[in-house]
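Hi,

Here is the structure I said I'd pass on. Have a look at it first, and then read my notes below.

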Amino acid sequence: MTVPISYYLVLSAIVFLTGLVGVLIRRNIIIILLSVELMLNATNINFVAFSHHFHNVTGQVFVFFALTVAAAEVAVGLAIIIALYRSKASINVDDFQLLKW
Amino acid sequence: MTLPLTDILAILPELIVVGAACLILVLDPITSAARKEWLAWIGLGALAACVGVTVSQMGVTVMAFSDLVIVDPYAGFWKLLLYVVSGLTILLSLAYLKEEAMHLAEYYGFLLLSLAGMMVMVSAADLLTIYLGTELMSLSLYILAGIKRTEGRSLEASAKYFVLGAFSSGILLYGISLLFGITGSTKLSAIASAIHGRSLDDPLLLLAMILLVVGFGFKIAAVPFHMWTPDVYEGSPTSVTAFMAVASKAASFGAFMRVFLEGLGGLKANWHGLFLIVCIATLVLGNVVAIVQTNIKRMLAYSSIAHAGYALIGVVVAGHATASIEIRSLGLSSVMLYLAIYAFMTLGAFAVVALLRKGGVEGEDIEDYTGLAKRQPVAAFLMLVFMVSLAGIPPTAGFIGKFYLFMGAVRAGLTWLAVVALLLAAVSAYYYLRVVMVMYMREPDASVTGQPRLAASPALAIVLACALAGVVLCGLYPNPLVALTQQAILALK
């Protein structure tokens with residue numbers, strides 16, 4: 001039995017929206033980073049599902065690149081957050097008021 | 001598997017830049033603080049080599065790496081512009097970093113990596129390479145924005161840029177995945193032919209298109225996706241701000257136009273109206289909000305938003321559904337011309353801001369410029385030229401750029417759009433000329449004793465001279481640049 005492609009699309013849309021809403025409403029910068037990761041992983045679900053559907057490896061290749069980029073992004077992001085925490089002792093975005101948001 | 005030599009040759013400029021960046025990053029820890037500047041010269045040498053390679057590649061179209069990369073005159077034009085901007089930024093940084101007492105050669109490494117990302121973006125023929133290029137550019141810029149690790153403002157700018165940049169990349173990537181699902185390919189040419197046979201009202205296709213507009217809208221700082229721009233431009237080191245405002249915007253426009261005109265060209269009836277709304281919103285918001293700014297970097301940030309709005313006029317003309325190919329090509333070439341001219345005047349303005357740093361205090365408030373003409377006539381005159389050019393007053397280059405954009409709009413039957421943009425250019429004259437007025441028509445504050453200390457250096461003088469030459473020469477004799485942009489446009493269908 002094969003799972004219809006629309007199931008994957010609905011799953012990825014739910015995961016993507018969870019991430020999107022998380023970025024917009026959460027105040028802790030680590031949670032925001034995790035929400036961005038959810039958005040990227042929703043994309044990966046899409047790519048793998050479509051790749052399977054089309055019998056085409058392009059989507060799977062794309063997932064490898066997207067995963068690598070996401071890892072690099074987390075590395076840079078956490079470095080910035082650590083530097084920020086050292087200077088402000090906070091990771092709540094409401095405490096970053098030097099520049100008008 | 002072996003890589004064919006032709007493929008390697010096609011990406012030779014990218015390889016040179018990445019090689020130089022890695023060399024700088026490796027040499028950084030073993031170089032003494034006094035010699036860090038030498039590493040910047042490695043970067044400049046690499047750029048000079050790249051100019052040679054790219055010039056020799058102009059005029060031919062080569063596809064490489066199974067159609068992931070395209071080397072055509074369009075990519076060549078953007079690359080040449082990016083080399084000039086990066087070279088001037090490195091020279092500007094030499095002076096600026098010395099003033100800041102930041103002896104960091106890794107700065108130049110990340111600058112070159114960011115440039116490599118931009119080069120991949122403009123010569124990408126596949127959404128995969130566009131995504132990778134965008135990320136390489138953005139990740140390096142996040143680091144550069146926060147490179148002043150001890151300063152709260154710089155770190156805050158970096159964090160804001162990172163969060164919103166990663167967010168927009170997520171949206172862009174989701175749009176790419178949907179487009180892959182609809183068309184079965186990530187190649188722009190395959191996407192174009194797949195879209196050709198489909199109905200324009202496919203909701204999934206429209207959703208994918210809108211997600212791509214949002215993703216690119218963040219990168220080019222178009223309203224309503226501009227909110228990161230003022231904060232990041234104000235908080236970042238001035239040399240990084242100049243690089244972001246000019247290079248990342250030019251590269252994003254290059255990739256953006258290739259995606260929408262080549263890949264999604266069949267959908268232009270759908271995106272044309274969307275871009276028209278974004279264009280007008282960007283023009284109005286950028287120009288109006290710039291009026292109330294008191295910090296010159298923030299004012300230049302809003303001005304850069306407004307200039308993205310002007311460039312979007314050309315994109316709207318290029319995507320006009322009923323205009324002839326000739327008029328649409330004029331729209332496309334005028335965007336390229338405008339961004340090249342914008343590069344010189346904006347770099348020049350930021351170089352003056354960097355020049356006016358006073359020991360430890362950023363000379364960033366517009367009030368700091370009071371009576372500058374009496375105290376520092378040369379710096380004031382340079383700022384005058386750049387401000388006049390940004391406002392688009394002849395005989396400067398800014399006028400030529402706006403002239404071609406408005407001409408395209410009028411010939412495409414969008415006269416009302418040209419009139420709106422012209423009225424907003426008059427609004428912009430208010431805030432640009434206010435800086436001139438503060439410099440020339442006010443007496444220096446009596447409490448300011450003596451000369452303000454200028455962060456002058458030979459490198460900064462070269463940057464200012466190049467920017468001034470660009471602004472004045474393109475204003476008086478624009479033909480070579482206009483001809484170059486007209487030869488380098490994409491073939492529109």
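For the terms: rings of Phe, Tyr and Trp (its six-membered ring) pair if their centres lie within 6.5 Å, and planes under 30 degrees apart are stacked, over 60 edge-to-face and the rest tilted. Helices (H or I, at least four residues) and strands (E, at least two) are DSSP runs, numbered from the N terminus.

Before going on, some housekeeping. This is a predicted model, where local features need pLDDT of at least 70 and side-chain atom pairs count only at pLDDT 80 or more, while totals for chains, interfaces and linings use all residues. Residues are numbered from 1 along each chain as its sequence is written, chains are lettered from A and ligands numbered from 1 in the order written, and side-chain values use heavy atoms, without hydrogens and water.

Over all chains there are 29 aromatic pairs. One of them, A:Phe50 with A:Phe54, is stacked, at 6.4 Å centre to centre and 25 degrees between the planes. A:Phe50 counts as buried at 5% relative accessibility, whereas A:Phe54 is partly exposed at 30%. Both belong to a cluster linked by ring pairs, along with A:Phe47, A:Phe62, B:Tyr131 and B:Phe180.

Now chain B as a whole: it has 20 helices and two strands. Buried residues make up 66% of its 493 residues, and its C-alpha trace spans about 70 × 55 × 40 Å along the principal axes.

Which residues have the most contacts inside the largest nonpolar core? They are B:Phe260 and B:Leu264, in a core of 225 residues (a core being buried Ala, Val, Leu, Ile, Met, Phe, Trp, Tyr and Cys joined through side-chain atoms within 4.5 Å). Helix 14 of chain B gives the most to this core, 22 residues. Leaving aside neighbours within four places in sequence, B:Phe260 is in contact (heavy atoms within 4.5 Å) with residues including B:Met209, B:Phe216, B:Trp271 and B:Phe275. B:Trp271 and B:Phe275 are also among the buried residues of helix 12 of chain B.

Cheers

Note on methods:
Buried < 20%, exposed > 50% of the residue type's maximum accessible area, 1.4 Å probe, protein only.
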